[in-house]
Structures are given as structure tokens and as C-alpha cells.
Amino acid sequence: MSLPAFDALLQPDAALVVAFSGGLDSTVLLHQLRAWQQQYPESHLRALHVHHGLSPNADHWAAHCLRVCEQWQLPCEVLRVTVDGKENGIEAAARTARYQAMSAALLPGDVLLTAQHLDDQCETFMLALKRGSGPAGLAAMPAARALGSHQLLRPLLNQSRQSLEAYADAHQLEWIEDESNQDPRYDRNFLRQRLLPALYQRWPHFAEATARSAALCSEQEQLLDELLAGQLAELIQPDGSLHFPPLMAMSELRANALLRRWIAGQGGAMPSREALKRIHNEVMASREDAQPKLRFGQAELRRYRQQLYWLPLLSSLRDTELAWLDLSQPLTLPQNLGTLRASQSRSLLRYPLPDEQVSVRFHAQGHVHLVGRHGGREMKKLWQELQIPPWQRERLPLIFYNQTLICVPELFVTHAGAASDQKGWQIVWDDASSAGEQQS
């Protein structure tokens, strides 16, 4: 890749971050970007090396990357991650951990660059073909995409591994070899070692041809995105859920296309055709009073009334109890649910008696009597009246004095906790907006 090719991708004052494994591909990319950055001194360049800990040579690789960056006078940070391949396999788990770690290390305005090349693109296409993917999967890797609030670029996608080797030899670059790349038990290695060499021998331009096919599939997906964008926007609710009844009257093709795009917008992986059938049959078409759910990796699809919700998997808080010993100090809630703090700005609650302990729980049952309402309500009926989805009911902080439910901040106060003539207080739930987004 000639250096001027970077000019079309990068701003002269860009803040560039290279995913630097120390292998051939990322070594070439970092070397080329270092030369480009020297032409544009107002730009910034640094490297991130992810230490997976999967190889006995992992420490050696990290040291190599630090040494290369020191020689080239570039900052380099080593990110240590833990990889659990029990659910989706080592390859997928390592990739997920790698991108999560790098995303967390990016600063505002940073652009992440990775070194996938033409042969990698061919492998990705073949793996998608093996999985029976549609056009979205066969589009393989885009040259540019969003990574959270950052941009991810792959500037070497049009370059073959052979051309990268020639560049490295010409510039006398040193790189490391990951011994796991020789293990044909991994699908990508099997393609790289056993299948693709035979295909390249028979058809020397096979990689370029698959790249063209991937580009055509990408164009078809982009066209569908444009054609369906208006209809999808009408179905997506302010809280991100999907109003699904109109899908039931559409053709299966259109309904599936809309479902795929909604799931992608929620950050989910592309569902298979079988998964889409299950969403239709087991979730959308289930009886009205059912509470169906389907798990997809670390997320689950739920239905409440006529909406579909894509939710992260979270451990239950049903049996969690927090003692609020000092009301002058905020109380931090688990699972990023925010904090509770006492305030005298409104007199909603009576103060606890000396023998009453204030605690926070996430589950209650039985009858409650609410301020402003006649008679009691069963908790289940109350949640339904308030239109709180079932999964959200155990993520709302319930305030107790000893064993008596006093209130749910910002929702209701019980007769047992209401302030009378004496001066009272209220509980403010800070950062509760994210927890309440899925209540309607």
C-alpha cells in the first residue's frame, strides 16, 4: 500500500490507534502509518497490544511490541484480557474480548485501525458461506464502520498477504508468529492452510473475486437499509423496543428484514433464519398473557404487550437486600442502577423510627395500600397497572422500614410510609433514567 492511499482515509490531524499484535499484518500497518504520521506532524499515533494470556509466549509477544514501539518512538499500551470460550469458542471469545478492551482504551476522537487484508477478507467470506449466511454475513468486513462512538478502519483490505510480506522484507521488518495459527482445528486456520491454497493455485484471483462478491452483497444490504429505514423508524419506539403487530401482516421476507435491522441496531449479532422463525412462533405469536423470551448469546429477546425488547443478560436481584445505615450518605445500587440519596426538598416520607432499619430490596409480594388510592393492590396487579415489564420489576429499588414496604422512588408511596403533619423527606434515585427506559 502506497502512503498516499492513507490521505483519502485520514485527516491530517487524526488521532490514530493501531491494534498491534506484533504479527506481520499489524507490523506493516504500524510502520506505514508511522511514515504517514511523519508527513503530518500534527497527527498522533499510538499502539494497543491485547494480551490474551492464551499462549505461553504471550508475555514475549507483549515485550516484542513494546520494544518495536520504543524503537519507533511510538506510545504502546498492553491491555490484558481474560478469555472464556465455553459458550462461543476461543476464537469468538478472544475477538470479543479484544474489541471490548480496545474500545475501552480509546480516547474521544480516536480512530482505531486494524490490519485485516485481502486474504483475511476471503477467509471471512468463506466462513460466512459455511454458516449459511445471507447477504449481510457475506458482505464480510467493511473497510470502515462505527465502533461505539469511534471509527474503525481497515486500510489493508485490498492488499494481499503476499504484498505485505514483500513490503516487510523490503523494509527489514521483524514480526512474531502466533503458533496457534498453525492449528487446523480452528476454522480460519483450516481454510488458510488446507483449502484456500488449492483454490488460489487453481484460480489465482480467487481472493479478489470473493472481495467483489462481498462488496456486491454489502451494496445490496445498504440498498435494503435505505428502502426499509422509514418503515423501521415507524416501528421503533422511543425506548428502543419494536412494535411488532404490523410485522405479523407482512410477508415473511419483509418482516425478517425489518427484524434483522432492528436487532443489529440493538447491538445484536445477525440472527439465523431458524432464529427468526423462533422469534415469530415463540415470541410474537404466543398468547397474549405469556411472558416469552429467547436467549441470544449475552442478550435475550423479551415481549411485553405489543413490543419486542432486546435486553442484556443480567443476574437476578430478587434475593438482594441492601442496608441503608447512614441516610446522610448516598447508597450505590448494584448492576449500574445508580444511587439513592435522601433529600428534604419534599415531604413525602415519614422518618424511620429509632427501631426501624432502612433497607432496599428488589422484590415484594402481597397487598400494598398506596397514597392517593382507595383499597389495596396485589403487587403483581400494581406492576401491571403501572405498565412495568416483568423483567424490570426486580430492578426497581423498593424501600423498606424493617419488613414494611414504604415506597418505590419516583413511582409510589405506601400509607405505611407517608409523611403526616411532621416534617418528612424523600428519596431521589439518581441515574435512574437508564433503568427506567424499558418501563413503558
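Mentor: Start with the terms: angles of 65 to 115 degrees between directions count as roughly perpendicular, under 35 as roughly parallel and over 145 as roughly antiparallel. Also keep in mind that this is a predicted model.

Trainee: OK. At what angle do H10 and H11 pack?

Mentor: Helix H10, residues 252–265, packs against helix H11, residues 273–284, at about 95°, and their axes are 10 Å apart. H10 and H11 are therefore roughly perpendicular to each other.

Trainee: Which residues in H10 and H11 meet?

Mentor: From H10 there are Glu252, Asn256, Leu259, Arg260 and Ile263; on the H11 side they meet Leu276, Lys277, Ile279 and Met284. By class, the residues of this contact are five nonpolar, one polar and three charged.

Trainee: Switching to the sheet. What is the order of the six strands?

Mentor: The order is E3-E2-E1-E4-E6-E5, in an open sheet with mixed pairing. At the edges are strand E3 (76–80) and strand E5 (144–147), each pairing on one side only. From one strand to the next, the twist averages 30°.

Trainee: And in which sense do E1 and E4 pair, then?

Mentor: Parallel: strand E1 (residues 15–19) and strand E4 (residues 110–113) share four bridges. Val17, for instance, has Leu112 in E4 as its bridge partner.

Trainee: Which strands does H1 touch?

Mentor: Helix H1 (residues 24–39) packs on the sheet and touches E1, strand E2 (44–51) and E4. The direction of H1 makes about 160° with that of E1.

Trainee: What about H3, which strands does that one lie across?

Mentor: Helix H3 (residues 90–105) lies across E1, E2, E3, E4, E5 and strand E6 (150–153). H3 runs at about 145° to E2.

Trainee: How do the residues of the lining divide into nonpolar, polar and charged?

Mentor: The lining of the second largest pocket has 17 nonpolar, 14 polar and eleven charged residues.

How values were computed: Residues are numbered from 1 along each chain as its sequence is written. This is a predicted model: local features need pLDDT of at least 70, side-chain atom pairs count only at pLDDT 80 or more; totals for chains, interfaces and linings use all residues. Side-chain values use heavy atoms; hydrogens and water are left out. Axes are lines fitted to C-alpha atoms, for helices over the stretch in contact, and angles run from 0 to 180 degrees between N-to-C directions. Helices (H or I, at least four residues) and strands (E, at least two) are DSSP runs, numbered from the N terminus. Contact means heavy atoms within 4.5 Å. Ala, Val, Leu, Ile, Met, Phe, Trp, Tyr, Cys and Pro count as nonpolar, Asp, Glu, Lys and Arg as charged, and the others, Gly among them, as polar. Two strands pair if DSSP finds at least two bridges between them.
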